[in-house]
Amino acid sequence: MTDKAVKPVVIEADSISTFQVTVGATGTKFLVEIRDNKRIMGIKCSSCGKVYVPPRSHCPTCCVKMSEWVELSGKGTLTTYTVVRYKEPYQPKEPPIIYGVIQLDGADTGIYGILGEVEPDKVKIGMRFEPVFKDEREGSLLDIDHFRPSS
Amino acid sequence: MADRVGIVAVAQTKFDQKREEHLTETLVHVTKDVMGQTGLEFKDDGTGIDSTVVASQDYFGGPGGIHMHYAYTVGAYRRPDERVEEDGAFAVAYGAMQILSGHHDVVLVVGHIKESVCSKNQVENLGLDHIYGRKIGLDFVAAAGMQAMRYQHKYGITPEQCAKVVVKNRTNGKNNPLVMYANGITVEDVLKSEMVADPIRVQEAKPVPVDGAVAMILACEDKAKKLTNKPVWITGMGMCYDHHELGYRDLADCDSLVSAAQMAYKMAGIKEPAKELNLAEVSDHYAYQELLWSEGLGLCGKGEGGKLIDKGTTSMGGELPVNPSGGLLCGVPLIVAGMQRVAECVLQLRGEAGGRQVSGAKTALAHGVEGPAGQLHCVITLEK
Ligand SMILES: [Zn+2]
């Protein structure tokens, strides 16, 4: 053994599995309505009356099975946002990307959206937005291409 | 049931990039350190360390299987060995519960992470739900950006107040020889630094990548008193999870931290935390979080985190110094973060915190957090 520096061996390790994950019956209904009808649906708890978007099978507060679907206009109010300035391989668009949480009219919770047709420095919490759907839709939240400013 | 749990030894590595060191070497280093401090070995007959609790994150193992390494590396295999895939403060709490339940008397707790093996952002993207959050490309930086924006908007917290947290902690860190990112940064420097996820600038985020580990030994009261003449007692513990869906929460209010803190204070008999605590080590992954978490911990009123930093209450020499160690903004790995907060409190209460010592400290609070925008919190109160 000598003290002469030996470059350490670095191995490359990868995750080799991809995953096939069901979104469940509630998620399927929500995403199929977006894909086939360009409709954003909420789901209402019969116990506390809250309307959830994105929907869950059970109310997160009451743990009651929810089955009452509520059709929403898609218009809503921005509750918060950020402008992501860095690039990562999992991002669906080129940065800068404006990510927001939008509380849709008639819903008690907010949904994630990418904001578009607006400059980052013009975005303000409380602004009104509406969805713009992709022409080709696959049954994913990304079928909403972006939310644009609206009345 | 055991009376009290005492922390009898703590060890920390330097927090830097350990690209040329396999994590097993890091683990041996901190484990041997706390074993040496106490003279304890792994034993089956109740005369040594009864069990281990290890906190880490599988993806930082390159990738997966990170928890396979600990027990065989330190000579603790074929024994009780629990794994915590959460912030390290939770591991301390679980270790303490093993003792309070009477199941074990002496527990060794370790937290370790090598952020340098992979992309922290890519791993944290996997921390969002796979149907919506992950699909749309969110990660913990973006989640923090949305939380900071909402917090500043709702309570009028200013960018300057957030920048002051960076200045305070990077100054405090100059007295901590284990951190790499302490410096004399100014408010102006922070506010001129590159925007990462509005309103968060690069100097307001925990430096990445940082590698390191922390270990500590917990013991039941009678054994703790025999193992050291300076035991530090865990007086309260609380933990709480919020919904992972960011749109289901008001991000400007950290309700789950309020619950975790109240649980810990109730157990500790603390009525007025701002008056009864001598210092707090709070997980500041981002500058705004020290202010928001201070509110959740009841160190000030709701929306008053900005005033707290303006008044100098949380500075060294203030009434309640927060992050005398320099906090995460001086560079501490995630997961290790919460356990390192506990370790720093122990050093403070033993009077062994060197240049960062809060004089006369008798009570302290350590806080750990995980998940997007502070989804889950763990609060531990300590006294000497
Ligand atoms: Zn309900």
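This is a predicted model: local features need pLDDT of at least 70, side-chain atom pairs count only at pLDDT 80 or more; totals for chains, interfaces and linings use all residues.
Residues are numbered from 1 along each chain as its sequence is written, chains are lettered from A and ligands numbered from 1 in the order written, and side-chain values use heavy atoms, with hydrogens and water left out.

Chain B and chain A bury about 3200 Å² between them. A nine-stranded open sheet lies in chain B, and a three-stranded one in chain A.

**Interface between chain B and chain A**

- Contact (heavy atoms within 4.5 Å) involves 42 residues from chain A and 37 residues from chain B.
- Of the buried area, 63% is on carbon and sulfur atoms. Buried area is the accessible area (1.4 Å probe) that two parts lose on being put together, summed over both.
- B:Tyr132, B:Ile136 and B:Tyr248 supply 24% of the area that chain B buries against chain A, more than any other three residues.
- There are 19 residue pairs in polar contact between the chains, both residues at pLDDT 80 or more. A polar contact is a pair of N or O atoms within 3.5 Å; within protein, one must be able to donate a hydrogen and the other to accept it, and residues adjacent in sequence count only if both atoms are side-chain atoms.
- On the side of chain B that touches chain A, helix 4 (120–125), helix 5 (140–155) and strand 5 (195–197) of chain B each supply at least two residues. Helix 5 of chain B gives the most, with seven residues.
- That side of chain B divides into 17 nonpolar, 13 polar and seven charged residues. Ala, Val, Leu, Ile, Met, Phe, Trp, Tyr, Cys and Pro count as nonpolar, Asp, Glu, Lys and Arg as charged, and the others, Gly among them, as polar.

**Salt bridges**

- The rule is a side-chain nitrogen of Lys or Arg within 4 Å of a carboxyl oxygen of Asp or Glu. It gives 33 salt bridges over all chains.
- Two salt bridges link chain B and chain A. A:Arg85 forms a salt bridge with B:Asp198, with the closest N and O atoms 2.7 Å apart.
- B:Lys120 forms a salt bridge with B:Glu124, with a closest N and O separation of 3.4 Å. Both residues lie in helix 4 of chain B, four residues apart, about one turn of the helix.

**Sheet and helices of chain B**

- Helices (H or I, at least four residues) and strands (E, at least two) are DSSP runs, numbered from the N terminus. Two strands pair if DSSP finds at least two bridges between them.
- The strand order in chain B is 3-2-4-7-1-8-11-10-9, with mixed pairing. Strand 3 (81–84) and strand 9 (279–281) of chain B are the edges. The twist averages 25° from one strand to the next.
- Strand 8 (residues 232–241) and strand 11 (residues 376–383) of chain B are antiparallel over eight bridges. B:Met239 stands opposite B:Cys378 in strand 11 of chain B.
- Helix 3 (residues 88–100) of chain B runs at about 120° to strand 8 of chain B. Axes are lines fitted to C-alpha atoms, for helices over the stretch in contact, and angles run from 0 to 180 degrees between N-to-C directions.
- Helix 3 of chain B packs on helix 13 (residues 336–350) of chain B at about 60°, with axes 5 Å apart. This contact has five nonpolar, two polar and no charged residues.

**Sheet and helix of chain A**

- The strand order in chain A is 2-1-3, with antiparallel pairing. Strand 2 (51–52) and strand 3 (68–72) of chain A are the edges.
- Strand 1 (residues 40–44) and strand 2 of chain A pair over two bridges. A:Lys44 has A:Val51 as its bridge partner in strand 2 of chain A.
- Helix 1 (residues 24–37) of chain A lies across strand 1 and strand 3 of chain A, at about 150° to strand 1 of chain A.

**Backbone exceptions**

- Most residues other than glycine have a negative phi, and most peptide bonds are trans.
- A cis peptide bond joins A:Pro95 and A:Pro96, with omega about 0°.
- Another cis peptide bond joins B:Asp198 and B:Pro199, with omega about 5°. B:Pro199 is in the loop between strand 5 and strand 6 (200–201) of chain B.
- A:Cys63 has a positive phi of about 60°. A:Cys63 is in the loop between strand 2 and strand 3 of chain A.
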